Amino acid sequence: MQENGKGKDQRDSSSQSLQGRVGRRTFLGAAVTSGAAALAGCSGGGSDEGGSGSAYGNGGGSGEETTAAGSPKQGGTLQWGGAVPVQGLDPHIDTSAASKRVLENIYEEVVALQDDYSIEPHLAKSFEQSEDNTLLTFELREDVTFHNGKQMTSADVLASYERVQNGDYLATGFFDFVDSMAAPDDYTFEIQLTQPFAPFLAKMATAELSVMPAENAEKSMVEEPIGTGPYQFESREIETSFTMSRYEDYWGASDEDGPFIDTIVKSEIPDSSVRLQSFLAGEYDFINGIAPKDVSRVEQAPEVRFDQQFPKSLVYLGMNCDVEPFDNKDARLALDYAIDKEKVAEAALYGTGQTTASPAAPDSPWVNPDIDPRPRDPDKVQEHLDAAGMSDGFSATFKIPQSYPAQVQAAEVIADDASDLGIDLDIQQITWNTWLSDVYTDRNFQATTSSYLALWYPDVSFYKFLHPDGAFFFTNWTNDEYNSLVEEARTIYDDDARADLYHDATEILHEERAGHMFLWWQPSLYGAASQYKGDIGAPDGSTLQFSDNWLDR
């Protein structure tokens, strides 16, 4: 799915990232540990999706410290120029990155992802995982209140989870692995799994399993969010603005960590040029979604911070494997060999991206080091066109979401490369809503481009988009061997063993030319006034956390 898309089938895992908040120099992976683990604010948790330890590689970021020296100030209004309007306000339903960026500050989870990619207790003060990895026991904090003043208890956590389990929500599919849940007392919450299921703890650290009051959990759709987070919902004007304010009784408030800002007002400005110009004119303290072509302009502007967080999202060329010509593997391979991926990424991202042949996050152990993007090779193109019985080439529609300039630019380069070698791609720029209805829901397309948010744990990378039971599966490519590998990986807690399975799965994706042809990873690009202090971003690499940000004015 595109970063601001909503899924039709909402029964799977979430898209998150493998990069810490801007200003961090390194990022760490989630290491596997087996056996019981009791935690009280320490790293770990018994799941390969959440332990601490294994280094994944070097961090991104702008290369400048973003946290200013001196004491933070409380107060002020942050004016935020947003790239994509907030969509829905129900965290169990909405897949929109724009919504998640605000809801991240309103709702919280039982456990939370950290900057080093460990998973730690959050609304829980500790948890234990049984020796066989099937029983999770959480001791909840006793000082947490919702924004309506009600104290949070295990009944609210249980109601939130039962809502997802018994409905049709983003994480509902994960409850196929849950045998039972219980709240034996006001501050104890238990989950009994049917079998070891490695991704479950990681899923608990996402908004898809955030906690809401039990009375809200009874609703099929939440339209006024009430959470436990550092900011509370104030108002929303659809397609125009979103406002939230500091929650005075936030359980985690401190002089060091905030929350500091009184009010955050997000103005919706989809046009990147208008948004940037308004920011440089001093109308906004912060903007997200800077176009790659404008990075140098921001870097050179006085009294402005430029920051980036890598990776933010993975962009791919999608081919419908159920319709001609891409129901033929050789036709897919011909197109693959026709594209110069480095040239495409450079044209779209002006040097800010990284090409890839894997859905796994860069430098993670899930990346198969032996698989690289196919180079442009005219001879191979003709070889596969001949094998497909299309020696004179073929034509196909190429539906591109027009609200993503980088993808529009990339499509033009891809179409030019392909045209030179007998493949005619007819670019059709469409609205995002049309993409959702025609391409994603109805699967009425031959070729397209889209993206999904960066993926900080491997199950979402390999299952959600590429397995036929995944929530965002839509290119119709299926392979029994691949499916078996990623299904088996979900039950394994040993890091090395899981990596081997994902390496094999990547080889199948590549050799069989799956319907997702991965193009590049790209970063989040931010601009901020010099008075805006603190790290920008969140551990997941795509949302935003404002609690420890402040305004020096």
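Me: Okay, so strands here are DSSP runs of E with at least two residues, numbered from the N terminus. Where is Lys 533 placed, then?

Reply: Lys 533 belongs to strand E21, which covers residues 532-533. Keep in mind that this is a predicted model.

Me: Is Lys 533 buried or exposed?

Reply: Buried. The cut-off for buried is under 20% relative accessible area, and Lys 533 has 16%, so it counts as buried.

Me: What does the side chain of Lys 533 have by it?

Reply: A polar atom of that side chain lies 2.9 Å from the backbone oxygen of Ser 530.

Me: Zooming out: how many helices and strands does the protein have?

Reply: 14 helices and 22 strands. The protein has 553 residues, and 63% of them are buried.

Me: What about contacts between residues at least 6 apart in sequence?

Reply: 75% of those contacts join residues at least 24 apart.

Me: New topic, rings. How do you describe a pair of aromatic rings?

Reply: You give the distance of the centres and the angle of the planes.

Me: How many aromatic pairs are there?

Reply: The count is 28. One of them is Phe 177 with Phe 197, a stacked pair with 3.8 Å between the centres and 5° between the planes.

Me: Where in the chain do Phe 177 and Phe 197 come from?

Reply: Both come from loops, 20 residues apart. Phe 177 is in the loop between helix H2 (154-166) and strand E9 (178-185), while Phe 197 is in the loop between strand E10 (188-193) and helix H3 (200-204). Phe 177 is buried at 17% relative accessible area, and Phe 197 is buried at 1%.

Me: What about the pair Tyr 250 and Trp 251?

Reply: That pair is tilted: the centres are 5.5 Å apart and the planes are at 55°. Tyr 250 is buried at 12% relative accessibility, and Trp 251 is buried at 18%.

Me: Which residues do ring pairs link into a cluster?

Reply: Ring pairs join Tyr 316, Tyr 404, Trp 432, Trp 435, Tyr 440, Phe 445, Tyr 452, Phe 465, Phe 472 and Phe 474.

Me: And which rings does Arg 490 lie over?

Reply: One is Tyr 463, where the charged end of Arg 490 sits 3.7 Å from the ring centre. Another is Phe 174, with Arg 490 over the ring face at 5.5 Å from the centre.

Me: Now His 516. What is it in contact with, leaving aside neighbours within four places in sequence?

Reply: Tyr 316, Leu 317, Tyr 452, Phe 465, Leu 466, Phe 474 and Thr 475. With Thr 475 there is a polar contact between the two side chains, at 3.4 Å. His 516 is in strand E20 (residues 516-529), and its relative accessibility is 0%, so it counts as buried.

Me: Which members of the largest nonpolar core touch the most other members?

Reply: Val 110, Val 111, Phe 138, Tyr 161, Ile 191, Phe 200 and Met 204, out of 42 residues in that core. Elements giving two or more residues to this core include strand E7 (124-129), strand E8 (135-140) and H2. There is another core apart from it, with 38 residues, among them Leu 314, Ile 430, Val 439 and Val 460.

Me: Back to helices: how many residues of H7 are buried?

Reply: 9 of its 10, along residues 329-338. Among the buried ones are Arg 332, Asp 336 and Tyr 337.

Me: What caps the N-terminal end of H7?

Reply: Asn 328 does: one of its side-chain oxygens lies 2.8 Å from the backbone nitrogen of Asp 330.

Me: Last one: where is Leu 103 found?

Reply: In helix H1, residues 97-103. Leu 103 is buried, at 4% relative accessible area. Tyr 231 is 128 residues away along the chain, yet the two C-alpha atoms are separated by 9.1 Å. Beyond neighbours within four places in sequence, contacts of Leu 103 include Gly 88, Leu 89 and Pro 225.

Technical notes
Residues are numbered from 1 along each chain as its sequence is written. This is a predicted model: local features need pLDDT of at least 70, side-chain atom pairs count only at pLDDT 80 or more; totals for chains, interfaces and linings use all residues. Side-chain values use heavy atoms; hydrogens and water are left out. Rings of Phe, Tyr and Trp (its six-membered ring) pair if their centres lie within 6.5 Å; planes under 30 degrees apart count as stacked, over 60 as edge-to-face and the rest as tilted. Helices (H or I, at least four residues) and strands (E, at least two) are DSSP runs, numbered from the N terminus. Buried means under 20% relative accessible area, exposed over 50%, partly exposed in between (1.4 Å probe, protein chains only). A charge sits over a ring if NZ of Lys or CZ of Arg is within 6 Å of the ring centre and within 35 degrees of the ring normal. A polar contact is a pair of N or O atoms within 3.5 Å; within protein, one must be able to donate a hydrogen and the other to accept it, and residues adjacent in sequence count only if both atoms are side-chain atoms. Contact means heavy atoms within 4.5 Å. A nonpolar core is a set of buried Ala, Val, Leu, Ile, Met, Phe, Trp, Tyr and Cys residues joined through side-chain atoms within 4.5 Å.
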